[in-house]
Amino acid sequence: MEITEQPENIASGANDESGGNPSWKVTVTGDLQNVFGGLHVVDLDPTLRSRLSLSPKATGIYLVDVEGGYPAFDLLYPGDVIEEIRRPGSAPIKIHSVAEFLQLINQIPATESVAVFLQRGNNQMFVLLKP
């Protein structure tokens, strides 16, 4: 398993008030051996909530990219806000930060399917990720 962090600009071409582009710390789940491999995610901060027209109280993490060849490819999309994870036989777990998300996904076995509750644009939905 390889989890890396790197600065990356997710606001392609959008300038902030100071004339520069804000940068967020992107975390890459890399070759994680479960349904969450290949994700590039950032924390949902006040600036990003505002740009996405989300409530200031919205929680979750923002999906920047999904690498091909992983179970989430073609199911999760850049721009999705992952709000909650549901594992079989467990209570739903709300996601508040990338650190919390990483701690949770590192406990998921490679053979386990997981339901993800997310916001995509103006819609909220469940997506089932299967190994």
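Two strands are taken to pair if DSSP finds at least two bridges between them. Helices (H or I, at least four residues) and strands (E, at least two) are DSSP runs, numbered from the N terminus. This is a predicted model, in which local features need pLDDT of at least 70 and side-chain atom pairs count only at pLDDT 80 or more, while totals for chains, interfaces and linings use all residues. Residues are numbered from 1 along each chain as its sequence is written, and side-chain values use heavy atoms, with hydrogens and water left out.

Arg 120 sits opposite Asn 123 of strand 8. The hairpin that these two strands make has 2 residues between them, and Gly 121 there takes a positive phi near 65°. Strand 7 also has a partner in strand 5 (residues 81-86), again antiparallel, this time over 5 bridges. Within that pairing, Glu 84 has Phe 117 of strand 7 as its bridge partner.

Strand 7 (residues 114-120) is mostly covered, with 6 of its 7 residues buried. Here buried means under 20% relative accessible area, exposed means over 50%, and partly exposed is in between (1.4 Å probe, protein chains only). Leu 118 belongs to this strand and, at 0% relative accessibility, counts as buried. Its contacts (heavy atoms within 4.5 Å) are with Leu 76, Asp 80, Val 81, Ile 82, Glu 83, Asn 123, Gln 124, Met 125 and Val 127, leaving aside residues up to four places away in sequence. The C-alpha atoms of Leu 118 and Glu 84 are separated by 6.8 Å, although the two residues are 34 apart along the chain.

Zooming out, the protein has 2 helices and 8 strands, and from the N terminus on the elements run β-β-β-α-β-β-β-α-β-β. Of the 131 residues, 43% count as buried. Among contacts with a separation of 6 or more, 48% come from residues 24 or more positions apart.

Helix 2 (residues 98-105) has Val 98, Phe 101, Leu 102, Leu 104 and Ile 105 as its buried residues. They cover an arc of only 165° around the axis, which puts them on the same side of helix 2; the arc is that of the directions from the helix axis to the C-beta atoms. An α-helix has 3.6 residues a turn, so residues three or four places apart point the same way. Exposed Ala 99 and Gln 103 are carried on the face turned away from the buried side. That buried side packs against strand 2 (24-28), strand 3 (39-43), strand 4 (61-66), strand 5 and strand 6 (93-94).

A nonpolar core is a set of buried Ala, Val, Leu, Ile, Met, Phe, Trp, Tyr and Cys residues joined through side-chain atoms within 4.5 Å. The largest one has 24 residues, and those with the most contacts inside it are Phe 36, Leu 39, Leu 76, Ile 85, Phe 101 and Leu 129. Strand 3, strand 4, strand 5, helix 2, strand 7 and strand 8 each give two or more residues to this core, and helix 2 gives the most, with 5. A second, separate core of 11 residues includes Val 26, Leu 48, Leu 54 and Tyr 62.

There are also 2 aromatic pairs in the structure. Rings of Phe, Tyr and Trp (its six-membered ring) pair if their centres lie within 6.5 Å; planes under 30 degrees apart count as stacked, over 60 as edge-to-face and the rest as tilted. The rings of Phe 36 and Phe 101 are edge-to-face, because their centres are 5.4 Å apart and their planes are at 85°. This pair links distant parts of the chain, with Phe 36 in the loop between strand 2 and strand 3 and Phe 101 in helix 2, 65 residues apart. Both of these residues are buried. For Phe 117 and Phe 126, the centres are 4.9 Å apart and the planes at 50°, so the pair is tilted. Phe 117 is buried, with a relative accessible area of 17%, whereas Phe 126 counts as partly exposed at 44%.
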